Amino acid sequence: MSQVEKKAGLLRRTSSSKKPLKEKVVLMYDEIFAKEDPAKNNPRFWDELFLMKVNLEYLESKLESVDGEDVQRIQDNINSLFHHCVQALGEEHQIKVVNALQTLCALFRGVHQKNKSASGFDIINMLMGFDKAEQRMKDLMERLDSLLCGDSSESLKSLCLKLLLCLVTVTDNISQNTILEYVMINSIFEAILQILSDASSRGQHGYDAVVLLALLVNYRKYESVNPYIVKLSIVDDEPTLDGMGMVVHQALTEYNRQYKDKEEENQGGFFSTLTSMVGSMFIADADEKLSVQTNEAILLALYEAVHLNRNFITVLAQSHPEIDIAATPTTTTPTTPTTPLGTTPPSLDMMSNPELPLDPNLQTSNLLITFLKYASIVMQDTKDEHRLNSARLCLIILTCIAEDQYADAFLHDDNMNFRVSLHRMPMRHRKKAVDKNIPSRPLVCAVLDLMVEFIVTHMMKDFPMDLYLRCVQIIHKLLCYQKKCRIRLHYTWRELWSALINLLKFLLSNETTLLAKHNIFHLALLVVNLFNMFITYGDTFLPTSNSYDELYYEIVRMHQVFDNLYCMVLRVSTNTGQWKEAASKVTHALVNVRAIINHFNPKIESYAAVNHISQLSEEQVLEVVRSNYDTLTLKLQDGLDQFERYSEQPKEAAFFKELVREREGGLF
Amino acid sequence: MADAEGSPAVRSLRLSHSAQPPPPASSSSPTTFSCPSSPSSASSSSSSCSESSSDFLTHHHHHHHRHARPQLQLPPPTHGDQASSPSASPRSSSPSGSIGSTCSLGSSSASEGIGSGVIDPEVALKACQEVLLKVKLQDDQRQHPADVAERGAVTQLISPDAGSIKEEDEEDTDTPSQPDPRPSARPEPFSPPSSSKQSWLLRLFESKLFDVSMAISYLYKSKEPGVQAYIGNRLFSFPDSEVDFYLPQLLNMYVHMDTEVGDAIRPYLIHRCSASITFSLLSAWLLGAYSSDMHISTQRHSRGTKLRKLILSDELNPAPSDSPTSSPRTHQRSKSDATMASNGPGAGLRRTGSNPKVEAVHEEVSQRFSREVDSGPERLRPQREFIKSLLCIGKRLATLPTKEQKTQRLISELSLLNHKLPARVWLPTAEHQHHVCRVPHTQAVVLNSKDKAPYIIYVEVLDCDSFETSPVPVRIPETRIRSARSAENLDCSTAANGSSGMTSEHRTGSFSTVPNYDNDDEAWATDDIGQLQVEMEAQTSSSDNISQFSVDSITSLESKEPVFIAAGDIRRRLSENLAHTPTAFRRDPEDPSAVALKEPWEEKVRRIREASPYGHLHTWRLLSVIVKCGDDLRQELLAYQVLRQLQSIWQQERVPLWIKPYKILVMSSDSGMIEPVLNAVSLHQVRKQSQLSLLDYFLQEHGSFTTEAFLTAQRNFVQSCAGYSLICYLLQVKDRHNGNILLDSEGHIIHIDFGFILSSSPRNLGFETSAFKLTSEFVDVMGGLNGDMFNYYKMLMLQGLIAARKHMEKVLQIVEIMQQGSHLPCFHGSSTIRSLKDRFHMSLTEEQLQLLVEQLVDGSVRSITTKLYDSFQYVTNGIM
């Protein structure tokens, strides 16, 4: 088949350049673009047309070249073509169905290319005609639905999905695609679910189905009632949800693997660096792009599932063996993007295997672990807008997860221990952690690690304030859960404390630059309140009594930072200015930290003086701390364990609109 | 007292075929005993026997034929003189049979080709009783003829040649054709004298003393087909549970002994199988396991294999699919299954939300083992699939290198399994009828084992009236838990969101009744999409907010004045809280089970119940089971039976020895399940985790020497030590390292792993020569060698041994029958039973026994080999 295709392509190219020997199908297209009704002379015109192999290029270019006045003239014929395409979808003859699907794809694309500026209604009119549009689209969606759900061949189903994806992504902004209104009315949600619920169809079409769903959910999300949102939010069929999770898991795993391969390649010593350098001189940056390109559509799908569907949370913890595609010989032929969409799904052949593979080297994994690894990669580099948005989406997803009680339950489940090897940015002042020594811990430890890692690595001039806020809020939400459920997590809280203190330090030293763009007091308040959580409620969730002492030790040790912060916020709050309010909140929040510092510092100094020690050891300071608790009084602050729940609207609406727009422009 | 009389009687009977016990007390009422008629019926229908025996399983209408059977077998031959010659088999000799034969002929011809399948136990029982009644009467009346007849019976007992056995056998199968009412309808005027030997047996059989144990014993030892067949029928009269205990014995006899025994047992087995799925599967598993020792070629055609196939083919299903009773039930089930989808939150919404097509497909798939058809060939399927998947998991786990990987894999495999639950499956180790509804997969844990991967799972079940007929519980999605999880969330979630705000009451309601799923919900659903979205919004913004307020911060909100707290208080609370948490074990990736097993059972139940979507149902219970793959549990089963027997003997004799037999399920010769001992960890784990001596650990767990708790725990320890010391001695339990001895939260020790008992011991240079394991640590817990408790320990052992000796037969019998045809290592050599018998020391006086106990204890205390063995285990397996 492909060879025939190639031949045809070659033929076409030569023929078009040399002599005007036209394919029959091209002649027929020409007839359509003539004034006359093509069926007038040849009653079997439409029958014959769909037996011909589609010439997408020609058809599209023909559509694009139609002049404004011609539009009126040929509209009837285009309407007719559309109508017959839809009719042909019901044919028994598979060839006709395939050709009709491709023709439709060309129609949608061609018409939109031509009428970039035109309103959606004009486009609908041109394709279907206003009066018949509703009926035509209803027929089309019904046909597609039955093709997707019936036992038609897999390639046919694949083509159906491609057509739908083509339709959904044909405009830069999905919400401006008026045709989708008909897709809302005539839902294909059920067909998508069915694809996801069945292992074999999921393996072949899962990726497309999930992307399609994610995009449909984002159609006029905020302006109208989108039935896909409603339907997605109430799916509770476990195999289907699992299927969706598997597809996402698969795509993210594939990305992680590619990244890892690339990383290893880069670290392969002098020789390999050399070869890759030489190689990169010849090979265009296409390869580079691929590896950098994030799977945002999939990430968006994950977000929608987590955000909209309560039941999907269980899927996050559903274990799968970690599928390392590199280890298994890939038998799938390289997927050439046959469609103009360019969505190349990762090879999903493993997914169709219902039995878990039996490889002792496979670590058991789940969607959440894969997602955390993915997030750790994406968050490493947030310099360009594109990746910043990916990182933001990751943090939003984590926010949703951290708020969910069920998710919290399994994050903290002591029986579900995993080794999660997060990717860490190579930095000068620290060695790369050895992967092998990661202990097996409850999953929440990995989340906290990821947050700490982010905090430590993003203190830069171009400060990602938004991401920091989300990060600190995620930690806060997790602490609230631990406090409420009295879960004593064996986590090295010290790393978190010192990361947070360093963050405060960074805010202080870059006050002027940062204040120009951000409200740093809000972030400072959140950070100080995290400390307040530990100080006031530490008895409910700290793992050892020693850890409470260490908290005090850390605060006292870094008292300079808190002192400076206090000075700064006091200064700002006494001046009149836009930050007055925000700064004064921080001064109030600091009351306990200051009480601790003021209480213990003199005690430690006098201890040093009495014992004639210039430099106290940690153990000695801890001893002082332990013996002086009873004379310290703290103030109980309000609402430390309360947080604002995540809601997409109105705060995040702009981000998601932007994201969808970018996605369509950039990725498809 | 009862037993004291019983066992000698048994013995004398068995030994004295020729000796004549004195005839019992006489009376003079006229007899109605009708034995002479029985031979006649036998002869009349002998022609039909071969056919009917072959297909009698499918026969349904002629129950009464079979039930008359005991009448035939029990009575002695018509004429004592004739009976002495082998050819004079009773049936040919009776002139009086002619009348009976006519009627029996008629019915037998009718039964030909149809045969009889299921025996009604009640009818069988009645038949037994009738015979017994007659015998009794006869015994009372006739003294003199009894002598004569008795002699005849004896001769027949002694010298049955092959032919006569064959004939007897045929006669057995014939008996069905004898009509029920006949004996009483036609009193024989010249009834022959009955044998007093037989009547002795009969008197025993009818006496209250005659229990299942004796029945099994006679079945095994008697060569007399009449007796065997009688017992075969008599089995129907025992309570199922009592017979169930001897199921391994019954099946082993069925597999490995001669046809007569098999034929005698078969009707009972068939009957029970058709009545119960549980019994069917247990039997099928055991039959497979006990047949496995046969040579492969014989095995294929053995009766055991055939019966197994028959059971598994499910032809014994009592309710054919067209039966009127089953079809409405099926219908109802499917209806409720359909509705289960819609009884949850946003009931009707689901219909719009999820694809009906998807559901249909899903249903089909899940029917493979969950939503089964009520009757038909699928009867055993769900349970078999369930067990199969559990065993497969075990096999797959064994290929993974580390404990951690195994546990992770286990969890993920179980989570997949969870998708198919609830289903009509049950845990065979449990007492009550139930359906398995969920496996809390994250709680499962891999146990310590060198190369196999046994694992323990916790299983949530819902009790029901009848596992086989009660409707399978409706599935509740995992996430549904949140609404019912805690009271604090309930209020706001019901108020705020429609999608998960079902209260538990709602759910229970829709679960137990058959909800009407059609009209209202759907109508509501189609209209309210818009409204739902509003609800969803409301929910995201509000639902859990309130629950995030802690008590402290609310109080502080209410009072405007600042609240002060002392830092010292916080610190103190922290250390107090930490101190109050029970001494949990540390998590150890190399020994994941330690933590799981140390957690008190009640605690675990509470925790899992809280986290379960089914937890709110009042029928909810938590069970646990250990799944073993690649291990032969037949010896374990044998040990369990012996332990159970000894336990009941000691209870009966009121000796306060404590042992804990744990249930064993043999699935095949290399797989099975074990009921875990709750609240118990191995001594090895205790040591490794606590780093304390056993005594110190006792002090830590139970309190100081003088506390009530410690003394109770110490007494428990001593009583269990005594029990298990005796067990270890009698059964020669070996491989007693600390990993195989558990300590429960009350201070009892429990021995596990009976892989080396009787004639087998681990191949290790003759370690473990002492009678049982009694380390100085044990003695320390008992308060030292000179303490009262140590003397109490020895006294308990003596009492226990005396009691066990008294009922030795009951113990021996279990082992002896299982030896039949077995290749198990514990039966290696020829002297297994004799040695076991010797260890009961029947010949010693009680004083001598006391001396023996002293010697045993002394030897064990002194024995350095236990110590050596422990260090050997430490070196080789890392067991402390």
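Trainee: Which residue in β3(B) is the bridge partner of V446(B)?
Mentor: The partner is Y455(B). Please keep in mind that this is a predicted model.
Trainee: Which strand of chain B pairs with β3(B) over 2 bridges?
Mentor: That is strand β2, residues 445-446, and the pairing is antiparallel.
Trainee: Over how many bridges do β1(B) and β3(B) pair?
Mentor: Strand β1, residues 434-438 of chain B, pairs with β3(B) over 4 bridges in the antiparallel sense. Within that chain, H435(B) has L462(B) of β3(B) as its bridge partner.
Trainee: And what about β5(B): in which sense does it pair with β3(B)?
Mentor: The sense is antiparallel, with 8 bridges between β3(B) and β5(B), which spans residues 620-629. One example is I456(B), whose bridge partner in β5(B) is I626(B).
Trainee: Why is β3(B) described as largely enclosed by the rest of the structure?
Mentor: The strand covers residues 455-463 of chain B, and 8 of its 9 residues are buried, so the rest of the structure largely encloses it.
Trainee: Let us change topic. How many salt bridges are there over all chains?
Mentor: The count is 55. As background, side chains of opposite charge can pair when their charged atoms come close.
Trainee: Which side chain does E618(A) meet in a salt bridge?
Mentor: E618(A) meets R494(A), at 2.8 Å from N to O. E618(A) lies in helix α32 and R494(A) in helix α25 of chain A, so the pair ties together parts that are 124 residues apart in sequence.
Trainee: How accessible is E618(A)?
Mentor: E618(A) is partly exposed, at 31% relative accessibility. R494(A) is also partly exposed, at 24%.
Trainee: Are D631(B) and K628(B) buried or exposed?
Mentor: Both D631(B) and K628(B) are buried. Their side chains form a salt bridge, at 3.7 Å from N to O.
Trainee: Which residues are joined into one network by salt bridges that share partners?
Mentor: D549(A), E619(A), E623(A), R626(A) and R571(B) form such a network.
Trainee: One last topic: how many helices and strands does chain A have?
Mentor: Chain A has 33 helices and 5 strands. Of its 668 residues, 59% are buried.
Trainee: What share of the accessible surface of chain A belongs to carbon and sulfur atoms?
Mentor: These atoms account for 52% of a surface of about 28200 Å².

Terms used:
Residues are numbered from 1 along each chain as its sequence is written. Chains are lettered from A and ligands numbered from 1 in the order in which they are written. This is a predicted model: local features need pLDDT of at least 70, side-chain atom pairs count only at pLDDT 80 or more; totals for chains, interfaces and linings use all residues. Side-chain values use heavy atoms; hydrogens and water are left out. Buried means under 20% relative accessible area, exposed over 50%, partly exposed in between (1.4 Å probe, protein chains only). Accessible areas come from the Shrake-Rupley method with a 1.4 Å probe; for residues, only the protein chains shown count as cover. Two strands pair if DSSP finds at least two bridges between them. A salt bridge is a side-chain nitrogen of Lys or Arg within 4 Å of a carboxyl oxygen of Asp or Glu.
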